[in-house]
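Hello,

Here is the structure I promised to pass on. My notes follow below it.

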Amino acid sequence: MFYRQAAIRHTSYDQTKKLYPIPFDKWLVVAVLLVALLAPFAMSGLYLNSYLLPWVIWSTAALSLNLLMGYAGQIHLGYAAVMAIGAYSSVHAMRLGAPFEFALILGGATAMIIGVGFGFTALRVKGLYLAISTLAVQYLVDWVLTHVPAIGGGTQATLQTPTPALLGFEITTDIGRYYLALGWCAVVTIFMLNVKRTGLGRALIAVREKDYAASVLGVNSYYYKLIAFAVSSFFGGVTGAILAFTFFGAVTPEQYSIDISIQILAMVVVGGLGSVLGSFFGAGFILLAPLFLNNMVTGLAEAYDFGVSRSVISHIPLILYGGLIMLFLLFEPLGLAKIYDNIRKYFLVWPFGFSRR
Amino acid sequence: MFKKQLLVLMSTVLLTFAGNVIAAKEPIKFGLTLDYTKAYVFATPSFGQAIEDYVKYVNMKGGIDGHPIELLNSDHGNEPQRGIEAYERKKREGAIAFEHLSTPVSKAVLPKAMNDKVVMMQMLTGRADAADGEVFPYIFPVSPTYWAMAANIIQYIADNVKDIKKAKVAFTYLDYPFGQEPIPIYKALSEELGFELKLFPISLPGTDQSGVWSNIRRFKPDYVISWSFAQLHNIAMTEMKRNRIPVDKYISVIWISKNDLKSYGFEKAKGVKRVEGVVTGTDSPIVQDILKTLYDAGKGSGPRENVGLLYYMAAFTEMVTVVEGMRLGLEKYGAPLTSEKLKMGLESLKDFDAKGLMAPITITPADHQGGGKTRIAEWDGSEWVPQSDWNAAYSDLVWRVIKEHSAKYKSGQ
Amino acid sequence: MNISESAGSPKLLSCEQIDRSFGGLKALNGVSLSVSQGEIFGLVGPNGSGKTTMVNAITGFYAPDAGKVIFNHQDITGIKPYLIARLGIARTFQNLALFKGMSVLDNILLGRHVHMKPGVLSTALYWWMARKEEVANRQFVEEIIDFLQLQSARDEPVETIPIGLQKRVELARALVAEPTFLILDEPMAGMNQEEKEYMARFILDARDEMGVTVFLIEHHMDVVTGICDRMVALSYGEMLAEGSPKEVITHPRVIEAYLGGSH
Amino acid sequence: MDLDWWYIGELVVNGANAGLMYSLVALGIVLIYKASGVANLAQGALVMTGGYVVLALAYDAGLPMWLVIPLSMVILFFFGMGIERIALRRMAGQPLIMIIMLTLGLEILLRGIVPAVWDRGGESPIIPLTLPADSIFIGDMLINTSYLLGGVIAIFLVILFVYFFRTRIGVVSRAVSDDPVAAWSVGISVERSIALSWGLAAVVSAIAGALWGSIQGVDWTLSLLLLKAVAVAILGGLDSIIGAILAGFMLGIAENLAAGFLDDIVGGGTKELVVASVILLTILIRPHGMFGREDIERI
């Protein structure tokens, strides 16, 4: 019905390589993009600042991590630390007088250099060891942020972010900050969409699936893993900086703690490893579901007075993260993206569903 | 029956999205977003209970000039991100003032509150330099900051050792911003008074303290000042016993209450000291009235035992102060009460002692701390006995440090 | 026992005295062989005779303990596999090494890796930097798909198609790299007679139309003897015989290894 | 700077004992790794669960300690087996990265559920193991009796497990971890052996939970022992029980010495720093650890 495939004929290889070969998909994306662009004008500050903006930012973070986890197949348990490196470096760079654009790139580059540095350590070993060494990195970064006053900000352990300015225009409004985040999100999204259809993406998947088979095709698996580390860290660093500049307005160690790392991990897994759309789903789900659930359970508890202790209510987000990660791994390892895909596939042939095997 | 339930269910679902729209006579809304899950759970239940109690009490007495107070409650789990969400939501629902009871959340919300010109109370948490009202016009500690407490503890030590110049003071603290905060004051005081100061950081979550206490034993301090909380004091006292350090050398920051001593043993904990900014116990008339009107009628917001304990009283006192600020704001500038009017109301508090619950404070546009008077109390096996009068020691030095830090904030650092 | 090589054509690959052992087991013991340009060369032997070990030594999976591998006048002993691939050596695996989760097309496209320059920047700026390259390579891949008659399976996930087709996909993936030297490790394992004949046809076509030198490993003698120009037989890491298919299969030691070993 | 040998002695002795208690937590990781090749990142939460169960039996049910410990071991044994049966078994054949993430999900889930079920209103009660809080002094050297007890129990358990792996069940477990398919084909039940390892790991965590709970109180922070346990397991070699004990011993001493001498200079948190560095250095220099098999880790 919606995703009509009939009468669509691609007449060149170029056409089949389009991001959205089926027009309905394309129009859907255009529509979503329009909504995203117009949303701030139709939306109150509450929804913009505490739902839409963080959703956009965390989707970007999930996308960046997905490059490493979904494509290159490497677990990263310290991604918040990567974001912290980016955020702190760019804040410091701006305080030292660097223009915003440069500070962002510098933040990304610092995260990349440190990320790749640890990548060198980690890539010599199997997935499990890598996971554990990234966990260690998280602790090292946490330690530095809380113990090196020159970096962390000393007694108050807080650094206010300077006002961001693009091409000399200062960004001071909520809407401006939102567009900044959205713009960066678009860059990362487009990159991730392109990865799907270029040799880079194929090489990464090859390395993930069977590195020995990749090597006989001339793919240097070590190099591609490092590339994944580098690009993912760069994106993560910039996203961390964007998070600080547009959402928090300050950087503190708590914003990039181990809990946050786990949260991003959950977004990627729940959304779907290797899926662009899934990263958006996962970020939305993990970020917003606990908020809604919390508010709802609280509201219900008040209305019915069934005396659920606040402490119990407040554990819901943790239970949700853990439970969802497990459920998805057990029953739908490809995540929300796969569920969407199933629905889409159903409609691709609707109403001739019987024609599928 | 079922239909009605469904209706309630649906309306609550709707409400959670749309926010409560209960129209009374222009309620004054106060955002109470607390941490019920993580670091602050040791205090949050009593803290929230006190604020809810006092609000109920005020509303039963007809509100402030007829305006009821409405609390907008929620949990932020000590996470900056959720704190900001809660802040934005409550602000939209019309809250004119906030209390977060969490240092990370207060710090994350602070720039937004400043920008939005929304009053943010930050009792015992958040930035100590927010006492400087000129730099932080909308932030109100209205109680002694950690820095004021730190200075008072040193004053107490100076009064109780033979010669402060030869005294040895150990400072053990949780190794994150909360614990690290008073360090500049101690260092400045150590320089000024000449006592020997040594720092003993305890790494998070603070449950492993054995090494720290070995070192303290070797340092042979006259007093040990501790910046930690709740059950961590237990662990500290157990380690003190192991290391044969008398427990009466232990002076804690405000976060220690009767309940926290329970599992170590009330009798064994005799001699432990704390710095306190409010009167605890149930003797004061206002607390008696609360017990009578609320708890005797079964309308208390939590267990009766909590009433009078430190965490309860701290929050209670804060709310009494806020309500007084609201009253002044309404009286002087008329309804509807806005954040700005509340700010001005709070800034006109003069010699206010919260019905005898604390040392009188005077808030001015320049001074949002209001005196910073505290006292030292000692545990005698069944209750906390004040050891000194309300006092604000070395306030020049404290203000110097406050100004240094707020100036840094102002200059964009 | 050096028997005359096919005269005229130069040696493309030669292995000299290759030794390789695992623990106490000697998998290869002084094996020497050489393959000339343009021929189909067969390496046969019973299970466990060291055939795959030989291939792994050539393609750099494990460096030989002793001996030399010379490819195109270049010593490639102990060079990393991905570098060897770039020299124009392609191979398939005995038990399939396709990438699950990718379509047949993407699997074959990966074979073009050595001819492409995938990078971060070109991915980011796809429209300006990668598009032309992708389309051009796609065209080449489609030619091979036509050549190997894989059109109908093109868009299927590779793990869902029958094994026989998967083997063909792997051959296609090796061929799109336009190798000068193609190593096929038991390409007909588990196939029925008809499929084997198809595969044999493709191998001959690949040599004839694309000029690839083929190094064919087989366990079974029947098909191999039909298409190989020259053969070497191995057993327990030792060379038994070398020469034309006929010479090899009639060699007494080979007969003994096959019949004696299995009886 | 002249060295204070009493001080060093104290740091070493107490560090070693604490380290042996880390080994106890790490033992769970090693047992499961030996049986199934999976690194159990839920071990921290298992220890926390153990602590809570002991607490519930001791405080809420009011049972005497001599009954509480064995009872909690039994409960945890079935709990561990149950986890394997319900979750891990379904993952057989999946990529390792997925299984590791599953255990991580389990860690988070337990950390949410267990404290919510046994909500203690913010208190973290200390498990009354009726130990004398007073310590032994040798000269100016203090020996912490709680840690001493923990260390002794840890060593005792290790001897038990080393012995266990010499028995028939042990040999079976070894066979399974060497080559599951081969083990399968000779009629060994791979599932049962892996389930058993989970059960045993959970039993160990009941003991570890009780010991650590008697020192630092029971709350969610017990699950943070995971990082130290992981460091110990990696340093010792993931599949070596003896390695876990020796590594715990070494890590405990190293972090205590570092904290004793460096905390002053760098301002705290050196223990975490040591733990993180040990992990990174081990992976960099000798990924299979001190006693692990060399073939277990490279790409």
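Start with one ion pair: the side chains of Arg111(D) and Asp259(A) meet in a salt bridge, 3.8 Å from N to O. The term means a side-chain nitrogen of Lys or Arg within 4 Å of a carboxyl oxygen of Asp or Glu. Between chain A and chain D the count is 1 salt bridge.

Before going on, some ground rules. This is a predicted model, where local features need pLDDT of at least 70, side-chain atom pairs count only at pLDDT 80 or more, and totals for chains, interfaces and linings use all residues. Residues are numbered from 1 along each chain as written, chains are lettered from A and ligands numbered from 1 in written order, and side-chain values use heavy atoms, without hydrogens and water.

**The A–D interface**

In chain A, 43 residues are in contact with 45 residues of chain D (heavy atoms within 4.5 Å). The buried area is about 4200 Å², with 79% from carbon and sulfur atoms. That is the accessible area (1.4 Å probe) that the two parts lose on being put together, summed over both.

**A strand in chain B**

Strands here are DSSP runs (E, at least two residues), numbered from the N terminus. In strand β6 (residues 168-174) of chain B, 6 of the 7 residues are buried, so the strand is largely enclosed by the rest of the structure. Buried means under 20% relative accessible area (1.4 Å probe, protein chains only).

β6(B) pairs in the parallel sense with β7 (residues 196-202) of chain B, over 7 bridges. Pairing takes at least two DSSP bridges. Val169(B) stands opposite Leu197(B) in β7(B).

Best wishes

How values were computed. Buried < 20%, exposed > 50% of the residue type's maximum accessible area, 1.4 Å probe, protein only. Helix = DSSP H or I, 4+ residues; strand = E, 2+ residues; numbered from the N terminus.
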